[in-house]
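I set out to record what I looked up in this structure, one topic at a time. The entries follow the display below.

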Amino acid sequence: MTDLPKMTLTEKIMARAAGVALARPDDNIWVKADILLTHDVCGPGTIGVFEREFGRDARVWSREGVVIIPDHYIFTADEKAHRNIDTLREFVSRQDLPHYYDPGTPDYRGVCHVALPQEGHVRPGEVIFGTDSHTCTHGALGAFATGIGNTDAGFVMGTGRLLLKVPPTLRFLLDGELQNGVMAKDIILRIIGDIGVDGANYCAMEFSGSTIDGLSIEERMTICNMAIEAGAKNGIMAADTKAENYVRRRTRRPYTRVAGDPGAEVAGEHRYAAETLVPCVAGPHLPSNYMPVAEGRDITIDRVYIGSCTGGKLTDFKAAARILAGHKVAVDTYLVPATAEVARGLATETIDGKPLKTIFAEAGCLDPAPPSCAACLGGPTDTFGRTRGSETVVSTTNRNFIGRMGSKQSSIYLASPLTAAASAVRGRLTDPRDFI
Amino acid sequence: MNERIVESRVYVLEDNIDTDQIIPACYLNLVPTIEAEYAKLGSYALCGLPETYPPFIAENQTKTEYGIIVAGRNFGCGSSREHAPIALGAAGVLAVVAESFARIFFRNVIATGELFPIMSEKRLCDLLTTGETVRLDLERYELTSLGDDTVFSLKNLGAAAPVIAAGGLFAYARQTGMIPAHK
């Protein structure tokens with residue numbers, strides 16, 4: 001096959017899924033889906049499009065391929081939110097879909113982007129479409145994963161295919177060891193700060209290097225999750241043994257791992273020495289408003305929020321607990337585990353023999369909420385942690401747009417869970433290295 | 001969207017208008033394929049903007065008097081919520097003319113056929129003001145400010161043109177034989 005031009009990891013997965021020998025940037029190709037993910041806020045509209053276009057008696061293209069994980073508006077009195085979940089239930093039952101995680105039952109999981117890999121639906125080399133922009137999370141396991149709207153999703157639901165433009169790849173090479181106190185969130189906030197919120201518009205962001213190799217799978221997800229915050233179509237990391245071990249513990253379904261060709265042409269390359277990265281925040285109201293935490297020590301805060309698909313994984317709570325153990329929080333500290341598995345981990349994971357849950361309670365945090373997206377995107381007015389006034393929040397979530405967490409008057413600083421916890425203790429932006 | 005030449009008042013926005021500003025998340029409980037909720041989404045279009053902007057939809061109205069939005073870079077960044085282009089379309093927006101668009105929003109506009117996403121050669125948000133009347137000509141890819149007849153050139157739609165011309169993703173897929181035609 002040496003006569004073919006070399007392809008990046010993203011190009012190779014797309015070519016394979018389209019059944020073509022070669023996929024070049026800007027080619028428009030029909031790509032086969034392995035997984036279509038949807039949830040409670042976009043699922044009913046997707047079903048609406050599917051039934052309008054294919055008929056109410058039409059069957060989904062693949063019962064195995066459709067995964068429905070309600071997570072956005074679960075713990076609310078909002079009637080339409082409940083109606084929307086009923087719409088999902090009725091559809092799942094009529095289509096006899098095996099992968100549905102129903103709220104209010106032991107099957108309920110929580111945040112779709114943490115549940116999808118946990119339940120074994122993310123496999124290297126596959127193509128994942130999701131009706132949520134943070135679907136790019138799943139590139140952390142070597143899949144091509146991208147967010148789409150209801151109309152595209154309705155089309156995938158009926159045909160198992162979608163017309164896609166092949167994105168040019170931007171390569172991010174990170175080498176060396178991170179300083180103590182620096183996390184994956186600091187890496188991605190620095191990158192977005194450098195390239196801007198449209199710095200990777202239409203592109204694939206491919207992350208590699210010894211720093212990435214050294215990260216846990218959950219930390220890798222934190223980075224790919226926020227590729228969309230730079231406008232990217234997908235974030236991706238080549239699957240290594242660590243990724244394959246994670247996947248094989250969760251699914252027995254076969255898959256074919258895909259590797260990019262060494263020396264494949266890319267549209268741009270950015271290199272970082274890990275030692276130079278520091279704990280940082282993204283200030284209001286854009287994820288690209290990069291600032292080292294140390295430069296914001298005078299900024300007082302009203303609230304800390306730890307949760308979401310990018311910042312509510314077990315790794316994130318362990319990091320926060322490392323700081324909070326033996327300290328008291330100075331501001332309201334909201335904890336929302338992403339999934340039921342993470343929630344269980346709060347009880348079973350320990351630091352010096354103490355469960356995380358106990359550490360958080362002794363530090364004076366609010367009792368953890370049940371798993372869901374909660375206030376990461378504001379939500380209905382009765383959502384846990386939703387801002388109501390001019391609160392200044394340090395949050396481990398992924399967006400700090402105006403009004404994102406509820407109130408247009410509130411200000412959000414995006415940060416790692418270490419920075420969030422350190423800031424909770426002092427009541428102002430705090431470099432976690434002050435504590436470790 | 002069959003009109004290729006339209007005249008309308010413009011509403012001018014800056015860079016990075018995100019989907020939370022276009023339609024705040026508390027309204028995502030509305031399902032766009034339900035007719036009454038489609039209209040309701042329209043009535044909330046752009047209600048997430050900072051208070052420094054004039055109201056996009058007048059009090060007690062469900063539709064906007066501004067048929068064309070002019071914006072800076074990266075219009076529609078953020079979420080994949082199709083509620084965003086739908087809210088604009090349902091409010092009566094015919095086109096957004098921006099310096100650039102965020103990818104998913106652009107794609108959703110095309111897939112739904114709700115409105116025209118047009119890119120300008122120049123940064124028109126610095127040159128036009130909210131309330132002035134313009135003519136958008138999609139035959140010649142021009143936008144004319146009717147106050148002083150200044151003509152600005154627009155970029156053509158490129159690879160998206162055939163999908164838009166067909167009327168959205170499903171119409172395009174039927175036209176090209178990707179899925180069977182409606183019975």
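A crossing of two helices is called right-handed if the near helix is turned clockwise from the far one by less than a right angle, and left-handed if anticlockwise. I note at the outset that this is a predicted model.

Entry 1: a helix pair in chain A. I looked up helix α2 (residues 43-54) and helix α5 (residues 150-159) of chain A, which pack at an angle of about 55° with their axes 8 Å apart. I recorded the crossing of α2(A) and α5(A) as right-handed. Angles from 65 to 115 degrees would count as roughly perpendicular and those under 35 as roughly parallel; α2(A) and α5(A) are therefore oblique to each other. On the α2(A) side I listed A:G45, A:T46, A:I47, A:V49, A:F50 and A:F54. Among the residues that they meet in α5(A) are A:N150, A:F155 and A:M157.

Entry 2: a helix in chain B. I then examined helix α3 (residues 83-90) of chain B, where eight of the eight residues are buried, so the helix is largely enclosed by the rest of the structure. The cover over these buried residues includes α1 (19-22), α2 (35-43), β2 (66-71), β3 (95-98) and α4 (103-112) of chain B. Just after α3(B), I noted a positive phi of about 105° at B:G92.

Entry 3: a loop residue. I located A:T387 in the loop between α12 (356-363) and β17 (392-395) of chain A.

Notes:
Residues are numbered from 1 along each chain as its sequence is written. Chains are lettered from A and ligands numbered from 1 in the order in which they are written. This is a predicted model: local features need pLDDT of at least 70, side-chain atom pairs count only at pLDDT 80 or more; totals for chains, interfaces and linings use all residues. Side-chain values use heavy atoms; hydrogens and water are left out. Axes are lines fitted to C-alpha atoms, for helices over the stretch in contact, and angles run from 0 to 180 degrees between N-to-C directions. Helices (H or I, at least four residues) and strands (E, at least two) are DSSP runs, numbered from the N terminus. Angles under 35 degrees count as roughly parallel, over 145 as roughly antiparallel, 65 to 115 as roughly perpendicular and the rest as oblique. Contact means heavy atoms within 4.5 Å. Buried means under 20% relative accessible area, exposed over 50%, partly exposed in between (1.4 Å probe, protein chains only).
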